[in-house]
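Keep the structure open as you read.

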Amino acid sequence: MEAHSSSSSDDGLSVRRALQLIQSDDQALKLQGAQEIRRLTKTSQRCRRQLSGSVGSLVSMLRVHDSPQSHQSALLALLNLAVKDETNKIKIVEAGALEPIITFLQSEDSNLQEYATASLLTLSASASNKPFIGASGSIPLLVEILRHGSPQAKVESVMALSNLSTYPINLSIILEAKPFPCIVTLLKTCKKSSKTAEKCCALIESLVAFDEGRTALTSEEGGVLAVIEVLESGPLQSREHAVGALLTMCQSDRCKYREALLKEGVIPGLLELTVQGTAKSQSKAQILLRLLRESPYPRSELEPDTLENIVCNIISQIDGDDQSGKAKKMLAEMVQVSMEQSLRHLQQRALVCTPTDLPISTCTSEVSLK
């Protein structure tokens, strides 16, 4: 208890000292204060709250002319203040930080550009900030970084764009910046199990709601295939975004996109998803399988619309023995898994146990502490 009290007292002294330094008129002392705030807020949520009053002074440091060290130190301090703190995120934007941050996105200093991108990633995690960031002119610059930035900046850029895409008005701005070539390139080269792949697919899912988004994805060589690869081997949330994107395309114009999906071998991944995905993924996968069926007749004129009939119908129309064989094998495995799951469900009911769904994180991305 005494040790904890002593630690709290030391933190309190450090916080007061940092606030005094950052509010000084001496630029050297302000720089020292920014570095101290960055250190204190790296590991302590309590310090982020206590140092909230430093935001205005730190933002003013971003505007100091020709002072890269001040810019970098202040930006990193603000970044740590914003991580996992909604109030500080909003306060930083309200203090006018966006204007200098956008300037840094265009900097020739790759480190400063990277820190500015990371800052927008974290600030864009706040729903309140998304309209302001979208209207600030930052989106075309983020797409430019996605094109030509450092590897780390590209990752943080696509995550920031994914955050911003959940505010509908931002979607048209993103599309106007023509991001698909660089999104697809990043998706093709990253690990399909990564957070980067998840955010690429989340962004694609939002953008293919528009005709120009669907056209842009299918125009990129390997674009549809990259999404299907995530559908097959990504984690649960990524697969949900991937099947959502493909379903949106097929629902918008079945005749136009059906062949493209079948050509890239979407069937095996969809079959697996019908039994191993989230509840949303399973439902979307089954709807998409129905849409991929060739028959133009209404359901009442068909055999019972079981998943097995749907899949067999599709398999019979797929060219190539390898793909057909793989799909049939997947169907057999799917039936086996389904039977095992049904048996387990009956056993659980006998024991009066209620199965629970796997939790899926839907939180917005932020950058890690710097």
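Axes are lines fitted to C-alpha atoms, for helices over the stretch in contact, and angles run from 0 to 180 degrees between N-to-C directions. The model is predicted. Helix H5 (residues 68–82) comes within 10 Å of helix H8 (residues 110–123), axis to axis. H5 also packs with H2 and with H4.

**H5 with H8**

- The axes of H5 and H8 cross at roughly 25 degrees.
- Angles under 35 degrees count as roughly parallel, so H5 is roughly parallel to H8.
- The H5–H8 crossing is left-handed.
- H5 brings His 71, Gln 72, Leu 75, Leu 76, Leu 79 and Ala 82 to the contact.
- From H8 come Asn 111, Leu 112, Tyr 115, Ala 116, Ala 118, Ser 119, Thr 122 and Leu 123.
- By class, the H5–H8 contact has nine nonpolar residues, five polar and no charged.

**H5 with H2**

- Helix H2 (residues 27–41) and H5 have axes that come within 8 Å and cross at roughly 30 degrees.
- H2 and H5 are therefore roughly parallel to each other.
- The crossing of H2 and H5 is left-handed.
- On the H2 side, the contact uses Leu 31, Ala 34, Gln 35, Ile 37, Arg 38 and Thr 41.
- On the H5 side, the partners are Gln 69, Ser 70, Ser 73, Ala 74, Leu 76, Ala 77, Asn 80 and Leu 81.
- The H2–H5 contact counts seven nonpolar, six polar and one charged residues.

**H5 with H4**

- Helix H4 (residues 55–62) packs on H5 at an angle of about 145 degrees, and their axes are 8 Å apart.
- The H4–H5 crossing is left-handed.
- H4 contributes Val 55, Leu 58, Val 59, Met 61 and Leu 62.
- These meet Ser 70, His 71, Ala 74, Leu 75, Ala 77, Leu 78 and Leu 81 of H5.
- The H4–H5 contact has ten nonpolar residues, two polar and no charged.

**The cavity**

- Rolling a probe the size of a water molecule over the atoms shows where empty space is left.
- How many cavities of 30 Å³ or more are there? The count comes to one.
- The largest cavity has a volume of about 40 Å³.
- Its lining is made by Leu 75, Leu 78, Leu 79, Ala 82, Ile 92, Ile 101, Ser 119 and Leu 123.
- Which helix gives the most to the lining of the largest cavity? H5 does, with four residues.
- H5 and H8 each supply at least two lining residues.
- The lining of the largest cavity has seven nonpolar residues, one polar and no charged.

- Leu 75 of H5 is in the contact with H8, meets H4 and lines the largest cavity.
- Ser 119 and Leu 123 of H8 are in the contact with H5 and line the largest cavity.

Key
Residues numbered from 1 in each chain as written. Predicted model: local features only at pLDDT ≥ 70, side-chain atom pairs only at ≥ 80, totals over all residues. Heavy atoms only, no water. Parallel < 35°, antiparallel > 145°, perpendicular 65-115°, else oblique. Left-handed = near helix turned anticlockwise from the far one by under 90°. Contact = heavy atoms within 4.5 Å. Nonpolar A, V, L, I, M, F, W, Y, C, P; charged D, E, K, R; others polar. 1 Å grid on protein atoms, 1.4 Å probe; cavity = no way out; pocket = protein on both sides within 12 Å on 5 of 7 lines; lining within 4 Å. Points joined across faces, edges and corners; volume = space filled by probe spheres on them.
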